Amino acid sequence: MSDGTATAEDLDVRLERHRVELTGYCYRMLGSSFEAEDAVQDTLVRAWRSYDKFEGRSSLRSWLYRIATNVCLDMLTAGNKRARPVDLTDSTPLARAALTPRPDNTWLEPMPDARVLPTVDDPAEAAVAKESVRLAFMAALQQLPPKQRAVLILREVLAWRASEVAELLGTTVASVNSALQRARATLADSDGAAARAATSDPLDEDQQKLLERYVAAFEGYDMTALTALLHEDAVMTMPPFDLWLTGPEDITGFMATLGAACAHSRLVPVAVNGLPGFAQYKPEPETGGHTAWAVQVLEISEGRITGFHCFLDTKRWFPLFGLPLELEAEADQGE
């Protein structure tokens with residue numbers, strides 16, 4: 001069936017095929033899970049409504065990316081840059097730790113892999129896609145002006161040709177190449193870009209064993225065992241709070257004091273931002289079960305955990321990952 005004779009039902013199916021990759025693109029552009037999904041929905045609605053004007057001079061995919069880019073650029077005109085706590089404040093010693101929240105639109109948000117990483121046959125392509133949604137790289141992207149961000153994502157992550165990007169943005173190849181050069185220079189100077197986790201894809205045997213030891217240490221709330229798993233420069237963050245801690249002593253010290261209520265938690269594995277992660281359920285004394293508390297994202301390098309990021313807005317994150325907000329006591333005891 002040609003583009004011009006597609007029925008409404010056919011068009012819905014064809015547009016929907018692009019949802020995951022478009023969500024990945026918009027997420028990299030915006031740094032927000034929910035804004036990315038809103039942007040994609042807006043993109044698909046605009047495409048559906050204006051399909052009769054689509055002349056087929058480019059592929060449907062290219063046309064959708066053009067619409068999505070315009071939607072994202074419009075959303076970014078407010079100038080808000082999503083960030084991690086480490087991008088905004090200095091590390092706080094445990095003795096001065098205070099939980100000060102900032103508005104939701106401050107933070108770089110976590111995203112389930114399944115919503116942004118299309119299934120691909122090429123392992124190298126899959127690895128690049130995963131690396132490009134990791135928190136450190138995402139934070140570095142947010143430092144770029146919006147059009148440079150689009151150029152870098154399209155050229156470096158999605159492997160578009162400069163001529164294709166120029167056509168999409170309505171500019172010249174020379175302008176695209178110049179924007180790409182400036183974007184690369186900014187990322188090269190960015191601590192976030194340099195600090196990409198060395199987690200392999202897929203996880204190697206040693207990393208799998210490290211995660212198993214982490215689960216045992218965390219669920220058992222064994223601070224000695226946890227200390228042995230943390231890199232000496234490990235960082236712990238807890239959005240929406242701007243506090244972040246450095247080093248095993250302060251991290252485990254916080255967990256044993258202000259975070260003591262997390263003892264005897266349950267961890268459920270999740271694939272998040274191209275990294276290993278867990279949904280943490282904290283004990284609920286009244287019911288004997290467990291209640292949603294945080295989505296944890298772990299960064300691993302040199303055989304140790306280097307990043308331990310806890311996203312605490314559970315009423316938003318757990319449904320995004322398709323997870324329940326409660327684990328019943330019967331389920332806990334019936335294993």
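**Close-up 1. Packing of helix α10 against helix α11 in the predicted model.** Two packed helices are described by the angle between their axes and the distance between the axes. Helix α10 covers residues 162–169 and helix α11 covers residues 173–189; their axes lie 8 Å apart and form an angle of about 105°. Angles of 65 to 115 degrees count as roughly perpendicular, and α10 is therefore roughly perpendicular to α11.

**Close-up 2. Residues at the contact of α10 with α11.** From α10, the residues A162, S163, V165 and A166 take part, and they meet V173, V176 and N177 of α11. Five of the residues in this contact are nonpolar and two are polar, while none is charged.

Close-up 3. The relative accessible area of V151 is 2%; since buried means under 20%, V151 is classed as buried. Leaving aside residues up to four places away in sequence, V151 touches E156, V165, L169, V176, A179 and L180. V151 and L180 are 29 residues apart along the chain, and a distance of 6.1 Å separates their C-alpha atoms.

**Close-up 4. Pairing of strands β1 and β2.** Strand β1 (residues 230–238) runs antiparallel to β2, and four bridges join the two strands. M236 has L245 in β2 as its bridge partner.

**Close-up 5. Burial of strand β2.** Strand β2 consists of residues 241–246. Five of its six residues are buried, so β2 is largely enclosed by the rest of the structure.

How values were computed:
Residues numbered from 1 in each chain as written. Predicted model: local features only at pLDDT ≥ 70, side-chain atom pairs only at ≥ 80, totals over all residues. Heavy atoms only, no water. Axes fitted to C-alpha atoms, helices over the stretch in contact; angles between N-to-C directions. Parallel < 35°, antiparallel > 145°, perpendicular 65-115°, else oblique. Contact = heavy atoms within 4.5 Å. Nonpolar A, V, L, I, M, F, W, Y, C, P; charged D, E, K, R; others polar. Buried < 20%, exposed > 50% of the residue type's maximum accessible area, 1.4 Å probe, protein only. Pairing = 2+ DSSP bridges.
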